[in-house]
Amino acid sequence: MKIKLITFIVFLFSILSFSQIREFNYESEIKKQFTFFFDNIKDKKIENAVDFIYPKYLDLITREHMINILNSSYNNPVFKIEIQHFKIDSVEKPELIHNEYFSMATYSFEMKFKVDWNSIPNAESIKQKMKEAMISRYGKENVATLDNNNSYMINAHMKTCAISNDGKEWKFLILDEKYKPELINILPQRILDKF
């Protein structure tokens, strides 16, 4: 009886250990691959970054359109963006829904956003609108103006959804309320309910 109990405890311990290792691997793989995605955006390697975006989203808006969106944001001579202190704050255990794994993750970074106001007509009126848009997106406590209102320091806290067919190769969607109407068509309701 004692031997059976010890064997059962060893068996139970090995199962628990294996499941913890699998969960750790999910987390480390998601972190590693999302960091590659984010680094490509930061380094303005836009086409490489788009390779990490969930294919169903690219089917919806097209790869070329996504490249144009990211280029107009990160390779625009009117805006100078400097990203620092990137950190993945949390990764949820993946859920298997309709033969795909979904995992929510939160991340944060600081972004210095400088605008060449001389290139923008009606700069003064646009300055206020831009500041209001940033406050609306990131929160008042996370947006500071610098250089006589010519640049901003943003402390961003964001969410992403990591999606995989096999639990090894992960693709990503940035979760933002403004994208929700598009995401309704491609994400399961359980995931949509989380952001």
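At 1% relative accessibility, Phe172 counts as buried (buried means under 20% relative accessible area, exposed over 50%, and partly exposed in between, with a 1.4 Å probe and protein chains only). The model is predicted: local features need pLDDT of at least 70, side-chain atom pairs count only at pLDDT 80 or more, and totals for chains, interfaces and linings use all residues. Residues are numbered from 1 along each chain as its sequence is written, and side-chain values use heavy atoms, with hydrogens and water left out.

**Aromatic pairs**

- Phe172 and Phe34 form an edge-to-face aromatic pair, with 5.1 Å from centre to centre and 65° between the planes.
- Rings of Phe, Tyr and Trp (its six-membered ring) pair if their centres lie within 6.5 Å; planes under 30 degrees apart count as stacked, over 60 as edge-to-face and the rest as tilted.
- Because Phe34 lies in helix H1 (residues 2–42) and Phe172 in strand E6 (residues 171–175), the pair ties together parts that are 138 residues apart in sequence.
- Helices (H or I, at least four residues) and strands (E, at least two) are DSSP runs, numbered from the N terminus.
- Phe34 also counts as buried, at 2% relative accessibility.
- The structure holds 16 aromatic pairs, and one aromatic cluster is formed by Phe34, Phe37, Phe38, Phe52, Phe86, Tyr107, Phe109 and Phe172.

**Nonpolar core**

- The largest nonpolar core has 57 residues, and those with the most contacts inside it are Tyr152, Ile154, Leu183 and Leu187.
- Such a core is a set of buried Ala, Val, Leu, Ile, Met, Phe, Trp, Tyr and Cys residues joined through side-chain atoms within 4.5 Å.
- Strand E3 (residues 100–115) supplies the largest share of this core, nine residues.
- Twelve of the 16 residues of E3 are buried, so this strand is largely enclosed by the rest of the structure.

**Strand pairing around E3**

- E3 pairs with strand E5 (residues 151–164) in the antiparallel sense over 14 bridges (two strands pair if DSSP finds at least two bridges between them).
- Within E5, Met158 stands opposite Tyr107, a residue that also belongs to the aromatic cluster.
- Strand E1 (residues 79–91) pairs with E3 over ten bridges, again in the antiparallel sense; Lys80 stands opposite Lys114 in E3.
- Strand E2 (residues 95–97) runs antiparallel to E3 and is joined to it by three bridges, with Glu95 opposite Phe102 in E3.
- E2 and E3 form a hairpin with two residues between them, and His98 in the turn has a positive phi of about 50°.
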